[in-house]
Amino acid sequence: MRLTRFAHYVVGLLLMALAAPALVGCAKSVSVAAPQVQGHCSVTLSPGQDVAATVASASQNAVICLQAGSYPTLKLSGLKPNGYVTLRSTHARQADFDGIDGQNVSFLRLEKLTVRGPVSILQSAHDIQLLNNDIGPGTCGVYLYSWQHETFRRVTIAQNYIHDLNFTGPEGVCSGYGIEAVGGVDNVQVTNNTIAHVANDYVQLGGGEDWTVAHNLFLGPSLRQSHGTVHQDLWQVFGGGANLRFANNVARNTETQESLLFQEGIYHNVRVENNLFDHDSSGYSVQMFQVDGLTFTYNTFVGSTWGVIFRADDPDAGRGQGYVVEHNIFGSTSGGTPDVSEYRAFGTYDYNVSQDGSASGPHSVRHWHAHWSGKPGSQPRCLPFAAGYRPTSSTAQAAFSRRWRSGCS
């Protein structure tokens, strides 16, 4: 547990707030369609030309194309057109930026770029799209920051490769994060990305509503081992939130200290559906504090140290109720704890499968014998009902190179 992490980030946010003026520039599943971007180039720029000035003066629906080459950090401030302005490479990902800093911007679409430094969007912002970019290597991937009464909403982060993010010295704001959003960022779609080899959280949310994290591939190895103060999660949420969805994702060999960690706040309507966690965590695959309305279905867990735990002991987390925990496969933990731990009923726990005796419910299957196989066509056998992860696309099928097989013991 990290019950002091919120305080740590308040300090970090205050520091960023002071610095901000200097920044200018069969299974159930959730289906998320990738954004479709169209339009011919309104203008084409080459390295050495003023990209920021061109973006700032562009009218809605403008498409600014960039020729291949190296560009300095793009700094944008006060960008408020009436419709999207698109910035894209003429050849996929061959326009290479040192970083992108935006403050108080809206209707900005970044597409098919390479960005070596952070993509930072700060303060008040809305209608931001990051599509099919290569972000990394660097110290931070995507950083979204709002504070006090500012509005930050409608963000799409889709089809990006976010990778190789590390840092030296003490941990600071966004050090080694894949995606970090803090201060109240709402209406966000994180879909169809590959996030790999990071030193801190793959995705972190510090307060926000209406988030969908779906159809992503999370890959190790982790880069956290040289950072003694880092506590790495796959998706950590703190500060509360509502309408949060984690669906159709694959996490493989990510080596986080925990995968899903929801803590320090009041949560409403959380959905965790059809995900594969394959040797994902050296701690818990899931540590979930009380939620008002949790749907937790059709997930497969294998190879973490402590398995999955639904907690009931945070006095500030509100009332846990409305749980539906069904059709999951829990297995192969190595830390001597149950595959799944339920501290309080809160709702329905049934039709689950565990390799030990921990799956509760009259229809659940316990002491199920299973192992991993390299045969991609293998399916869970000897079960009286459908359970566990199923790929939902050809990409997911390719990523899912190993499936559960079972004997009948």
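Student: Which residue does the side chain of D313 meet in a salt bridge?
Tutor: Side chains of opposite charge can pair when their charged atoms come close. Please note that this is a predicted model. Here the side chain of D313 meets that of R311, at 2.7 Å from N to O. D313 counts as partly exposed, with 40% relative accessibility, and R311 counts as buried, at 9%.

Student: How many salt bridges does the structure hold?
Tutor: There are six salt bridges in the structure. One of them joins the side chains of D127 and R154, again given from N to O, at 2.7 Å. This pair links distant parts of the chain, since D127 belongs to strand β11 (residues 125-131) and R154 to strand β14 (residues 152-158), 27 residues apart. D127 is buried, its relative accessible area being 8%, while R154 is partly exposed at 35%.

Student: Where does E273 find its salt-bridge partner?
Tutor: Its partner is R271, and the N to O distance is 2.9 Å. E273 is buried, with a relative accessible area of 3%, whereas R271 is partly exposed, with 29%.

Student: How should I read the strands, and in what order do they stand in the open sheet?
Tutor: Strands of a sheet pair through backbone hydrogen bonds, either parallel or antiparallel. In this model, twelve strands form an open sheet with parallel pairing, in the order β3-β6-β9-β12-β15-β18-β20-β22-β25-β28-β31-β34. The edges are β3 (69-71) and β34 (353-354); each has a single partner strand, so one side of each is left without a neighbour in the sheet. Within the sheet, β25 (residues 276-278) is joined to β28 (residues 300-302) by three bridges, and F277 stands opposite F301 in β28.

Student: Is strand β19 largely enclosed or left open by the rest of the structure, and why?
Tutor: Strand β19 (residues 203-214) has twelve residues, ten of which are buried, so the rest of the structure largely encloses it. Strand β16 (residues 179-182) runs parallel to β19 and is joined to it by four bridges, with V182 and G206 as bridge partners. Strand β17 (residues 186-191) is also parallel to β19, again through four bridges, and V190 stands opposite V213. With strand β21 (residues 233-247), β19 pairs in the parallel sense over ten bridges; there A214 stands opposite A247.

Student: Which residues of the largest nonpolar core touch the most other members?
Tutor: They are L66, L87, W211, W235, F296 and F310, in a core of 74 residues. The largest share of this core, five residues, comes from β21. Leaving aside its neighbours within four places in sequence, W235 is in contact with several residues, including V203, L205, W211, V213 and F262.

Student: How many aromatic pairs are there, and how may one be described?
Tutor: The structure holds 20 aromatic pairs. F310 lies in strand β29 (residues 307-310) and Y323 in strand β30, so the pair ties together parts 13 residues apart in sequence. Both residues, F310 and Y323, are buried.

Student: Over which ring does the charged end of R109 sit?
Tutor: The charged end of R109 sits over the ring of Y84, 4.4 Å from the ring centre.

Notes:
Residues are numbered from 1 along each chain as its sequence is written. This is a predicted model: local features need pLDDT of at least 70, side-chain atom pairs count only at pLDDT 80 or more; totals for chains, interfaces and linings use all residues. Side-chain values use heavy atoms; hydrogens and water are left out. Two strands pair if DSSP finds at least two bridges between them. Helices (H or I, at least four residues) and strands (E, at least two) are DSSP runs, numbered from the N terminus. Rings of Phe, Tyr and Trp (its six-membered ring) pair if their centres lie within 6.5 Å; planes under 30 degrees apart count as stacked, over 60 as edge-to-face and the rest as tilted. Buried means under 20% relative accessible area, exposed over 50%, partly exposed in between (1.4 Å probe, protein chains only). A charge sits over a ring if NZ of Lys or CZ of Arg is within 6 Å of the ring centre and within 35 degrees of the ring normal. A nonpolar core is a set of buried Ala, Val, Leu, Ile, Met, Phe, Trp, Tyr and Cys residues joined through side-chain atoms within 4.5 Å. Contact means heavy atoms within 4.5 Å. A salt bridge is a side-chain nitrogen of Lys or Arg within 4 Å of a carboxyl oxygen of Asp or Glu.
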